[in-house]
Amino acid sequence: MKMMIFLILLTTRLAFAENLIATFTQVQGDVDIFTHPGSQPVGPGPHVLFEGTYYSYRKAKPGDRIENGNLVRTSTEGRSLVVYDNGDQITLGSGTAYKIDWNENKPDSGVLNLLYGKVRLMARKLGNLSKTKIET
């Protein structure tokens, strides 16, 4: 009985964690995804130094996935639409850099760190982004 309850809780947690992952559905111009942050280059290259932190770097295209802790940057000509698995959306304007960090133990305590630029959030009333704290 205890094993069954554990599996149900684990399955629920994993399903919810998947909702914290997003997909680029539209990309216009140059949009970059930065992953594997660190004080030294780590992970697959190429690498870039951004705001004092090293990241692995790649160009975004429709269908690319964004995971917890990734940083996204649009160029002065770039724009994109990011849709989370639960349907919440973020529209990124040109010249924007943002990062979302979720506490996986408390998913309604996410922080959207808008480094610069502009974003538009469309969240379901009970969606993950509805209680996200925005820092600028």
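**Nonpolar cores and aromatic pairs**

Of the 16 residues in the largest nonpolar core, those touching the most other members are Phe24, Val82, Tyr84, Ile90 and Tyr98; a nonpolar core is here a set of buried Ala, Val, Leu, Ile, Met, Phe, Trp, Tyr and Cys residues joined through side-chain atoms within 4.5 Å, where buried denotes under 20% relative accessible area, exposed over 50%, and partly exposed the range in between (1.4 Å probe, protein chains only). Two or more residues are given to this core by each of β1 (22-28), β2 (31-38), β7 (79-84), β8 (89-92), β9 (97-101) and β10. A second, separate core of 5 residues includes Phe34, Tyr55, Leu71 and Ala97. The model is a predicted one, in which local features need pLDDT of at least 70 and side-chain atom pairs count only at pLDDT 80 or more, whereas totals for chains, interfaces and linings use all residues. Residues are numbered from 1 along each chain as its sequence is written, and side-chain values use heavy atoms, with hydrogens and water left out.

The chain holds 1 helix and 12 strands, these being DSSP runs numbered from the N terminus (helices H or I, at least four residues; strands E, at least two). Of its 136 residues, 34% count as buried. Among contacts (heavy atoms within 4.5 Å) between residues at least 6 apart in sequence, 52% join residues at least 24 apart.

When residues up to four places away in sequence are not counted, Leu112 touches Ile90, Tyr98, Lys99 and Ile100, among others; the C-alpha atoms of Leu112 and Lys99, 13 residues apart along the chain, are separated by 5.8 Å.

A search of the whole structure finds 3 aromatic pairs, rings of Phe, Tyr and Trp (its six-membered ring) being paired if their centres lie within 6.5 Å, with planes under 30 degrees apart counted as stacked, over 60 as edge-to-face and the rest as tilted. The rings of Phe34 and Tyr57 have centres 5.8 Å apart and planes at 45°, so this pair is tilted. Because Phe34 lies in strand β2 and Tyr57 in strand β4 (residues 53-59), the pair ties together parts that are 23 residues apart in sequence. Phe34 is buried, at a relative accessible area of 0%, whereas Tyr57, at 25%, counts as partly exposed. Ring pairs link Phe34, Phe50, Tyr55 and Tyr57 into a cluster.
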